[in-house]
Amino acid sequence: LRTKGIMFLDHIITKDNAYLVEYNEIKAQLEHKGDKDVRKCVGTILNYRRIETHLNHQSLGPIKQATKDNLIDWSLSAKWFDYNGRNDTTTIAHSKDTKWKIRCSTFSLPTKDILHQNFPLLLPADKLNCFFCNNILETNDHFWTCLQLRTTIVNIFKKLGQDLIDILANNADKHPLLINDSIKYSKTFRWAFQNEPIHPVVLLLMRSYITRDLVGIFRSHFNTTKAITTFYYHSSIIVV
Ligand SMILES: [Zn+2]
């Protein structure tokens, strides 16, 4: 798997690095530190590795590129992946949330291309076109960019943008008069309000990554990271 460059969630969310690195690299770094938690960390990595193998991961190449382009806030993304908004670790709802985050972020939502790999007899090769447009192979990439879904996604982002404006207007620490522009001219929302092509940061956000652009909006109107994190969690239902 390593020779094929297949990456897993654990490769990219490490407590100390919060950065996209190869499995071997992470392991070597942890071992060099002689940290007491090394065993625990490596254990976690191996656990994730096992889970992710089951989930039939595709390459996380686009995420690597987004990391190089500095589009992802890895520190807050790691916190978001860990976050339990259900106040109970055992709820089915929380398991569903986590499964959704992992599958979105690792391109392993059960789209027809993946289902075909796993169940070639149930889903034959000539029936893999997108459920919505019936024109292009249904993949985790196409799922977010299908032209048939664009209007729906545009409207959702317009509503989210407006909701965020209202919420910030009631909670911001600073620059209340700039809130409207902060949102409507951000990479995350501008495309929807101006009817432009979807921005790459939006695809990352929809896949459960916390983008630098989104954090930038919050930073413009809150004084501390703690306030941003707390506020983000409290309003996470909107983003989800
Ligand atoms: Zn389609």
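**View 1. Confidence along the whole chain.** The chain has a mean pLDDT of 77, with 71% of its residues at 70 or more; pLDDT is the predictor's confidence in each residue, from 0 to 100. This is a predicted model, in which local features need pLDDT of at least 70, side-chain atom pairs count only at pLDDT 80 or more, and totals for chains, interfaces and linings use all residues. Residues are numbered from 1 along each chain as its sequence is written, and side-chain values use heavy atoms, leaving out hydrogens and water. Confidence is lowest in helix α1 (residues 9-12), at a mean of 42, and highest in helix α11 (residues 190-194), at 97. Helices here are DSSP runs (H or I, at least four residues), numbered from the N terminus.

**View 2. Two stretches to read with care.** Over residues 4-21, pLDDT stays under 50, and the model has 54 contacts beyond four places in sequence for them. A contact means heavy atoms within 4.5 Å. Residues 35-39 also have pLDDT under 50, with three contacts beyond four places in sequence.

View 3. Which residues of helix α4 (residues 61-68) are buried? They are I63, A66 and T67, where buried means under 20% relative accessible area, exposed over 50%, and partly exposed in between (1.4 Å probe, protein chains only). Seen down the axis of α4, these buried residues fall within an arc of 100 degrees, so they line one face of the helix; the arc is that of the directions from the helix axis to the C-beta atoms. Their packing partners are α5 (74-82), α6 (92-105) and α12 (200-206). After α4 comes N70, whose phi is positive, near 60 degrees.

**View 4. A salt bridge between R86 and D97.** The structure holds five salt bridges, each a side-chain nitrogen of Lys or Arg within 4 Å of a carboxyl oxygen of Asp or Glu. In this one, the side chains of R86 and D97 meet at 2.8 Å, N to O. The pair links distant parts of the chain, with R86 in the loop between α5 and α6 and D97 in helix α6, eleven residues apart. R86 is partly exposed, at a relative accessible area of 39%, and D97 is partly exposed too, at 22%.

**View 5. Two further salt bridges.** R190 pairs with E196, their closest N and O atoms being 2.7 Å apart. R190 is partly exposed at 32% relative accessibility, as is E196 at 24%. In the salt bridge of K127 with D126, the closest N and O atoms are 4.0 Å apart, and both residues are exposed.

Definitions and conventions. Helix = DSSP H or I, 4+ residues; strand = E, 2+ residues; numbered from the N terminus.
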